[in-house]
Every structure is written in C-alpha cells, then in structure tokens.
Amino acid sequence: MRNFNYQNPTRIVFGRGTIAKITDLVPADARILITYGGGSIMQNGVHDQVMEALKGRDVLEFGGIEPNPTFETCMGAANLCRREKVDYLLAVGGGSVIDGTKFIAAAAKHEGGDPWEIMSTGGACIQSMLPLATVLTLPATGSEANSGAVISRKSTEEKCVFGSPGAYPRFSILDPTTTFSLPTNQVRNGVVDAFVHVVEQYATSDNGAMLQGRLAEGVLQTLVECGPTTLAEPENYDARAEFMWSATMALNGLLGQGVVSDWATHMIGHELTAFYGLAHAETLAVILPGVWRANLEAKRTKLEQMGSRVFGVQGAEAAIEATESFFHGLGMPTRLSDHGVDAGEAAARIVERFEARGTVLGEGKDLTPERVGEVVKSRA
Ligand code: NZQ
Ligand code: ZN
C-alpha cells in the first residue's frame, strides 16, 4: 500500500426530507447565490423545498448552467457574485451545476489576469474561493464530495479539469427522492460514471491495498445490483438510496488512497465530449474496454480479481466482456459508431491535441498520444 494523507471535509446529510436541514447549515448572515441548471429543479419540487428552507434569508439565484458547464456561462455568475457581494454559493442540481459552481467560487475571487488561468493551471493559481455547498439531484460524478471540477470552453472546444482544497463543498444534501424525476438515460449515465470512477482507481497495477480493493468491489457490486433495479423501478427508494451513496463513495477520494490510479479513460473521454458532444458517461463506456486491452498486462491481476469477485467470471478478457455486457444491459452503447462518430477522425483530433499538450496517460504513464490514437480507433 502506498503512503497517503487523506482528509475529506464535506459533511454529507443523507436521506428523505433532508433539504430542510439547509436552514441550520448555511450561516444565518450569508448573502447566498443559488445556482441551478436548465430547470429540472422547478418541475420536481426541489426548488420549492430549497426556498422554503431559506425563507427570510438573503438569496439571489442564477439558472442556466448547462450540462458540461461552460466557462462562458459560469463567468456570468462569477461577475454577478462580485457585483452583488455574494458570500456563499448553494449549487442545486447534478455534477454540471456543482462543477460550474466550484468554478464560479474560484473565479469570483480571482484577482488579475485571465480567469481561464484557473483551468489552464489545473487550479494551482487559486488563492481563495467562496464557500459552497450542494443539494445533489443526480448521482454520478461524486462532485458533491470532492475537490474537482470539469469545465468546458465553447470558443476553443476544450474540456479541462481543476482541483483545489477550497472546492470541497461545506456540506451536501443527498435526498434520494430528488432523483425520482431523472430521465432513464441520466440514471444509466450515472451508474456507468460511478462504475468507471471505481475502476479507474481499482483496475490498475496491483500494489496490495487489500482493503481498498474490497471497498471498491463493494461499490461495484452494489452498482451492478441496484443499477438495473433503479432503471426498472424509478420510485424504489432503497435502490435510489444505494445508487446515490455508491456514486458518492466512488469518487469522494477514499478509494484512491494507497493505490495506483489510472484516469486515462476519463481524459480521453473528455476530448470526445469536447469535440463531439457525447455525454460524459457515454464517452467512458466507449473508451474503457480499449484502455483496459491496451494495458492488459499491468491490469491483469486486478481485472481477474474483479471478474471473479464482481461478475463471477474467470480471466481478464471475460471481466472486460462482463463489464461491457453490464453497460449494454443498462442501455449504454460501447462503440463510437453507435454515436455516429468516425473513429479514425476522432483518433487524429485527439492525438493532435495530446501531442500539442504533451499529454501522456495511464497508471504507468505509457499511453503516449500515438497509443491513445490506437485505443480510439479500436472502439470504432
Ligand atoms: O439542467 P437541469 O435542468 O437540472 O437538468 C439536468 C441535465 O439536463 C438533468 N437533471 C439533473 N437532476 C435531475 C435532472 N433531471 C430530472 N430530475 C433530476 N433530479 O440531468 C441532465 C444532466 O445533468 P449533469 O449535471 O450534466 O449530469 P452529471 O451529474 O452526469 O454531470 C456531468 C458533468 O460532470 C463532470 C462531467 O465531465 C460533466 O461535465 N464530471 C465531474 C466530476 C467531478 N467534479 O468530480 C467527475 C466526473 O468524472 C465528471 O467528469
Ligand atoms: Zn466521470
């Protein structure tokens, strides 16, 4: 097991009826900006519950944060924060609203220079951020309990990641009933995203870390069990609750301690979203089997272990096939052609970009741009 230094400061308030707890969790004298997306919270009663909990408080609102939140939109909110002297952000929505709000929190405090610097330095330039908290309505990204965010820039077709300790939400409300209104494809995306978060920290070169392995397998098994139930029975509270907590556990940092992480699938996937607009999880389902096969020898022990403990199959190749079948069972395609994307063209664009940035991926830092191109082509 590798050395680690782990602290996750986000308070999780979980369960039915917990939105009302916001009253006690947000400082009484805060000037609050509620951020949200395209309006799902207006239809499913979540907005009403948040406003009820904040009755009598100093509240402003900013809506319209889009899926794959953009620098352009979020800068509008950052400027509003400066103008209106907002001192607390409450993100109400899925990963995009939460990520967008993390960027807003950093950009509102960014002094001098181009705020895109927050992204181009991966967060290293951040001196301070506004405090933020969340009401999660879509289990998937883990953003409700981690310090990362992914922001897109329309003008340059880029999608970049930043992280900073100040981006951990102060608290996150996880009420599984808020997810009853999710469309089927968002549930499917959420299960796949959470699954891939676990395996990017698990199906890597083996370095012992037995407990981390068992914890990861527990999350995978829970997703394999509750994912299909959640799709089949949208108002099954227990399945929703298991799914929601699994997605948080998948990327709150715990599973990544002491082990070797990969993240190649995510980094390649972000380019597919940037260039072709595929949903985040759609990109992961396409790329993951290619990354696994490209680095099969390094990953063999863990893939075999996952195969036997999670899917009850023998061998690394059987584990990869079982994972693809699981995705297909959720209605998730795993080929670029399923999305009408030409693999040769996508490979060329991604290789060019990774070469320009000097990007090398994989847990062994041996997925060169050229090898990434092969991975993408293999997923035609
Ligand atoms: O915008 P609204 O109207 O709210 O609708 C959203 C959106 O259209 C809808 N939705 C959310 N909750 C709902 C709901 N509809 C009905 N009922 C509800 N309860 O779902 C749509 C998708 O929402 P979005 O937030 O985009 O999805 P997700 O949570 O999957 O977030 C994806 C983003 O997170 C990034 C991705 O790259 C992508 O930009 N990620 C962030 C990570 C992190 N911060 O740690 C890690 C991930 O790997 C990922 O990269
Ligand atoms: Zn993800």
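Trainee: Which residue has a side chain that meets the side chain of R379 in a salt bridge?

Mentor: The partner of R379 is E324, with 3.5 Å from N to O. R379 sits in the segment after α15 and E324 in helix α13 (residues 316-329), so this pair links distant parts of the chain, 55 residues apart. A salt bridge here is a side-chain nitrogen of Lys or Arg within 4 Å of a carboxyl oxygen of Asp or Glu. Helices (H or I, at least four residues) and strands (E, at least two) are DSSP runs, numbered from the N terminus.

Before going on, note how to read the values. This is a predicted model, in which local features need pLDDT of at least 70 and side-chain atom pairs count only at pLDDT 80 or more, while totals for chains, interfaces and linings use all residues. Residues are numbered from 1 along each chain as its sequence is written, chains are lettered from A and ligands numbered from 1 in the order in which they are written, and side-chain values use heavy atoms, with hydrogens and water left out.

Back to R379. R379 counts as buried because its relative accessibility is 1%, and E324 is buried at 11%. Buried means under 20% relative accessible area, exposed over 50%, and partly exposed in between (1.4 Å probe, protein chains only). The side chain of R379 also reaches the backbone oxygen of T334, at 2.8 Å. That is a polar contact: a pair of N or O atoms within 3.5 Å, where within protein one must be able to donate a hydrogen and the other to accept it, and residues adjacent in sequence count only if both atoms are side-chain atoms.

The model has 17 salt bridges by the rule above. Another of them joins E282 and R188, whose closest N and O atoms are 3.0 Å apart. E282 is in helix α11 (residues 280-294) and R188 in helix α7, so this pair ties together parts 94 residues apart in sequence. E282 is buried at 16%, and R188 is buried at 10%. For a contrast, take R371 and D366, whose side chains meet in a salt bridge at 3.9 Å, N to O. R371 is partly exposed at 30%, and D366 is partly exposed at 35%. Salt bridges that share partners also join E158, E271, R353 and R357 into one network.

Next, the ligand. The shell around ligand 1 holds 33 residues, of which G38, S40, G95, S96 and K159 come nearest; a residue counts as near if one of its heavy atoms lies within 4 Å. Helix α7 (184-200), α5 (95-107), β6 (148-153) and α10 (264-276) each supply at least two residues of this shell. Helix α10 also holds H266, which is buried, with a relative accessible area of 7%.

Ligand 1 has polar contacts too. A nitrogen atom of ligand 1 is 3.2 Å from a side-chain N or O atom of S143, and an oxygen atom of ligand 1 is 3.0 Å from a polar side-chain atom of N146. A backbone N or O atom of T178 lies 2.9 Å from a nitrogen atom of ligand 1.
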